[in-house]
Amino acid sequence: MEKRFDCVVVGGGPGGYVAAIRASQLGLSTAVVEREHLGGICLNWGCIPTKALLRSSELHHLLQHLDDFGLHASDVGFDCQKVVARSRKVAKRLESGVKHLLKKNSVSVIEGHGRLAGSGRIAVENDGQVTEFEASHVLLATGARARTLPGLEPDGQRVWTYKEAMVPESIPGRLLVVGSGAIGIEFASFYRDMGAAVSVVEILPRILPVEDEDVSKAARKVFEKQGIEIHTETSVAGLREQGEGVVATLTDAAGETREAGFDRVILAVGITGNVEGLGLEGSAVRVEKGHIVVNEWLETGEPGVYAIGDVVGPPWLAHKASHEGVLCIERIAGLENLHPLDRTRIPACTYCRPQVASVGLTESAAREAGHELKVGRFPFAANGKSLAVGDTEGFVKTIFDASTGELLGAHLFGPEVTELIQGFVVARSLEATEAELEHTIFPHPTLSESMHEAVLAAFGRAINF
């Protein structure tokens with residue numbers, strides 16, 4: 001293998017492998033250093049396998065309501081190990097796909113743990129052997145891992161991180177989910193639809209705290225109707241083993257405590273960057289709050305060293321990492337007409353049931369920024385396709401600047417909204433106003449018509465509600 005490259009990417013996740021492919025496309029000799037699995041956490045232990053699990057739980061939910069559609073079946077059940085096996089098979093197939101893509105694009109793959117070894121040098125350790133490589137440009141794309149809290153350390157048996165939660169041997173009878181961000185809510189939704197009694201604890205005043213307040217309120221109402229217990233402004237003061245399960249001490253905002261028993265606990269309290277063991281100590285790379293500090297072009301303080309993806313901080317999203325990787329490489333290659341990443345154009349998706357998706361400013365953030373607003377809402381219960389498929393929970397909310405008509409934000413809660421959100425993402429990227437969106441023709445009958453109606457509603461022109 002060559003020992004000299006134009007670009008070496010440390011980490012083969014959705015940021016790293018995409019950056020490497022783009023670098024090779026632009027004529028840079030490129031290598032990826034990966035110590036575990038190509039595709040990273042997203043492909044192997046995050047985005048992809050969780051969606052496979054959630055698909056199974058959605059189908060299980062539908063099977064329990066066949067009568068609503070005039071259908072019936074007997075002996076409806078599931079095999080937990082087969083559900084997990086399908087999820088793992090999907091992840092494995094995509095990992096093989098990443099290997100193929102790297103080979104197709106002439107990207108060298110170096111197995112092992114990579115670290116900076118001085119200016120323009122990378123040391124890779126594998127099975128006790130250390131090999132040095134030279135690189136004009138080094139991209140750190142090492143991702144992140146689950147955070148833990150004192151007294152709530154995962155043990156892999158009773159107290160799980162996302163990894164254990166994705167490969168259960170059986171569905172626990174009683175489950176506690178600590179944290180109500182996207183990861184926590186997705187697991188709460190999966191396990192509830194698979195029959196577990198689920199409780200969610202959130203230290204902040206509302207669940208899905210980064211989403212628009214209207215979405216948080218509606219989601220809580222729907223999840224509680226599904227049977228999920230939700231405790232906001234509540235913390236887990238401690239855990240202790242009891243038999244095969246765990247007893248959790250819960251403390252509310254008033255300082256009152258109570259104990260509750262669970263079979264398993266899932267910790268979903270955020271993530272922290274993988275910054276250890278990268279050789280940063282002898283460089284000008286700066287780390288703050290567990291993440292590498294970069295400028296708008298993903299450059300660190302060390303010349304020739306860049307960082308992308310989860311290791312540089314929120315939002316911790318695979319598509320954000322991929323975009324940063326491409327942007328960083330194109331900047332290195334000297335392409336013109338590039339623009340720094342606008343974080344308000346990054347969509348966020350949560351694949352619970354119903355789904356949550358958003359882009360841009362929340363209503364409160366838009367008001368705090370000084371905008372006079374036009375806000376539109378349209379419920380899926382008034383949408384023909386929603387009624388036809390029997391999935392009517394939720395709504396579409398649009399936020400416009402009242403004077404310019406700029407689309408400031410869109411917030412969706414309901415069926416397949418993780419697919420619908422891209423329409424508003426494109427609108428934000430094209431700097432569309434209400435004028436373009438009002439005159440866009442949406443196909444009928446589709447869920448997307450709710451998007452059009454929410455735009456019209458913001459300006460007092462809704463037709464079907």
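Predicted model: local features only at pLDDT ≥ 70, side-chain atom pairs only at ≥ 80, totals over all residues.
Colleague: Is Phe69 buried, partly exposed or exposed?

Modeller: Buried would need under 20% relative accessible area, and exposed over 50%. Phe69 has a relative accessibility of 42%, so Phe69 counts as partly exposed.

Colleague: At what angle do α3 and α6 pack?

Modeller: Helix α6 covers residues 182-193, and its axis lies 8 Å from that of α3. The contact is made by residues including Leu53, Leu54 and His61 of α3, together with Phe187 and Phe190, among others, of α6. The crossing is left-handed. The angle between α3 and α6 is about 40°.

Colleague: Which residue meets Glu58 in a salt bridge?

Modeller: Look within helix α3, where the two partners lie three residues apart, about one turn of the helix. The N to O distance is 3.7 Å, and a salt bridge needs the nitrogen within 4 Å of the oxygen. The partner of Glu58 is Arg55.

Colleague: How many residues apart in sequence are the parts tied together by Glu393 and Lys225?

Modeller: The closest N and O atoms of this salt bridge are 2.6 Å apart. Glu393 lies in the loop between α10 (384-389) and β23 (395-401), while Lys225 belongs to helix α7 (residues 213-225). The pair therefore ties together parts whose separation in sequence is 168 residues.

Colleague: Which residues are linked with Glu363 in a network of salt bridges?

Modeller: Start with Arg377, which forms a salt bridge with Glu363 at 3.4 Å between the closest N and O atoms. Glu363 is in helix α9 (residues 363-368) and Arg377 in strand β22 (residues 373-379). At 17% relative accessibility Glu363 counts as buried, whereas Arg377, at 39%, is partly exposed. Linked with Glu363 in the network are Asp212, Asp214, Arg367, Arg377 and Lys397.

Colleague: Why is helix α1 largely enclosed by the rest of the structure?

Modeller: Among the buried residues of α1 are Tyr17, Val18, Ile21 and Arg22. The buried residues pack against β1 (4-10), β2 (30-34), α4 (80-104), β6 (129-140) and α8 (318-332). Helix α1 is largely enclosed because, of its ten residues, the number buried is nine.

Terms used. Residues numbered from 1 in each chain as written. Heavy atoms only, no water. Buried < 20%, exposed > 50% of the residue type's maximum accessible area, 1.4 Å probe, protein only. Helix = DSSP H or I, 4+ residues; strand = E, 2+ residues; numbered from the N terminus. Contact = heavy atoms within 4.5 Å. Axes fitted to C-alpha atoms, helices over the stretch in contact; angles between N-to-C directions. Left-handed = near helix turned anticlockwise from the far one by under 90°. Salt bridge = Lys/Arg side-chain N within 4 Å of Asp/Glu carboxyl O.
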